[in-house]
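Welcome, and please open your viewer. We will go from stop to stop, and at each one you will hear what to select and what is there.

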Amino acid sequence: MEYVATHNLTKRFSQNRAVDDANICLESGKVYGLLGPNGSGKSTFMKMVAGLFHPSKGRIEVMGDPLSYRSKEYVSFMTTEQFFYDYMTVGMVGRFFRDFYRDFDETAYQNLVGEMQLHMDMKIRSLSSGMAAKLKIAATMARDAKVFMLDEPLNGIDLVARDAILSAIIRKANPDNCILISSHLIDAMENILDEVIFIQEGQVVICGNAENIRESRGKSIVDLYKEVFI
Amino acid sequence: MQFNTREPIYLQVIDDIKKRIVTGKIRPGDKLPSTRTLSEEYGINANTAARIYKEMETMELCHTKRGLGTYVNESEEMVTEIKKAMADKYLNRFMDEMLGLGYSIDELIGFIERRRG
């Protein structure tokens, strides 16, 4: 089933087309990688689907309906920005999210916080940038949403925590949700993706099943990425 | 497990499971982990894990009992066959490389003989 569909989606910032005529469809039960170099339009695309940017042109459908305030109920989005209040503790962030989202699962949050080596009484202000990044993952993934969008979830994350995050993503994926992950750390992502979408200067250049690409072209996603973007 | 990302991941995991069957870490008739556990164990996506069991079924390595899970086929013959196939694969690889270096088959036998002592 199509959980997200965009039709000729375009976003212009003055003369510059950040996203250009993108037709992307996300189906339930799949993990997608949105891959492309810096400035290729990954974040802009996600922000439009999350309802944070207004498209210059084109349509977005979430769960079969045109994008509206209701879509936020289905979409759990993690931006690259730090979006927690400084004065809160990790525990307060959990209660804050619970108040905002009906599908927020407090037990899942506790488990994720534990896996990320965080504690409920830690202050946001005193978190290192890596710890703050892990907290964003915990809060985003603790929802039982239909659509997860993670913008650069591995930014600023050390190797050990990287495994914790990847396994959290693997466990979250089920036949009734879809996950879109943007990253330029493709080698780390390679094993967990079903489908890859390559985006360049706002345009979708390749999209397809990761295993089929390996099988038919005999190359890794990283190889293909280099071929397309270099 | 470290994957060679140029080959499909599901084939590499199947090879690893086969190796575990040959070395007796998994026995004929054993229940295999759920696709969810498999995906966590290998750090792969759940759809890839599901595909692994589907492909293994077509290869007649395992079967699914509805509602119970996936089991390794109960056949010692199968284990011998997998072992032979793997031996062939490794032997081919060895021969290709050695013949490529310019050694004759007799010389290869000599190498192996000397290793025995």
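Start by selecting A:F229: leaving out residues up to four places away in sequence, A:F229 touches A:P37 and A:Q200. Touching, or being in contact, is used here for two residues whose C-beta atoms, placed from the backbone, lie within 7 Å.

Before moving on, a word on what you are viewing: this is a predicted model, in which local features need pLDDT of at least 70 and side-chain atom pairs count only at pLDDT 80 or more, while totals for chains, interfaces and linings use all residues. Residues are numbered from 1 along each chain as its sequence is written, and chains are lettered from A and ligands numbered from 1 in the order in which they are written.

A:F229 belongs to helix α8 of chain A; helices (H or I, at least four residues) and strands (E, at least two) are DSSP runs, numbered from the N terminus.

**The core of chain A**

Next, select A:Y32, A:A138, A:V147 and A:M149. They have the most contacts inside the largest nonpolar core, which has 84 residues. Such a core is a set of buried Ala, Val, Leu, Ile, Met, Phe, Trp, Tyr and Cys residues joined through C-beta atoms within 7 Å. Helix α4 (residues 129–141) of chain A gives the largest share of this core, 6 residues.

Now colour α4(A). Its 13 residues should span 18 Å at 1.5 Å a residue, and its end C-alpha atoms are 18 Å apart, which agrees; the expected span is 1.5 Å times one less than the number of residues. Among the buried residues of α4(A) are A:L135, A:I137 and A:M141. What covers the buried residues of this helix includes β7 (75–78) and β8 (147–151) of chain A.

Show those two strands. β7(A) and β8(A) pair in the parallel sense over 4 bridges, where pairing asks for at least two DSSP bridges between two strands. A:V75 has A:V147 in β8(A) as its bridge partner. In a regular strand the side chains alternate between the two faces of the sheet. Both faces of β7(A) are covered, with A:V75 and A:F77 buried on one side and A:S76 and A:M78 buried on the other. Leaving aside neighbours within four places in sequence, the contacts of A:V147 include A:Y3, A:L26 and A:C178.

**Across to chain B**

Which parts of chain A touch chain B? The elements giving two or more residues to that side are α5 (159–172), α7 (210–217) and α8 (221–229) of chain A. The largest share, 4 residues, comes from α5(A). The contact takes 21 residues from chain A and 15 residues from chain B.

Finally, select residues 62–65 and 69–72 of chain B. These are β1(B) and β2(B), which pair in the antiparallel sense over 4 bridges. B:T64 stands opposite B:T70 in β2(B). The two strands form a hairpin with 3 residues between them, and B:G67 in the turn has a positive phi of about 80°.

Technical notes:
Buried ≥ 20, exposed ≤ 12 C-beta atoms within 10 Å, placed from the backbone.
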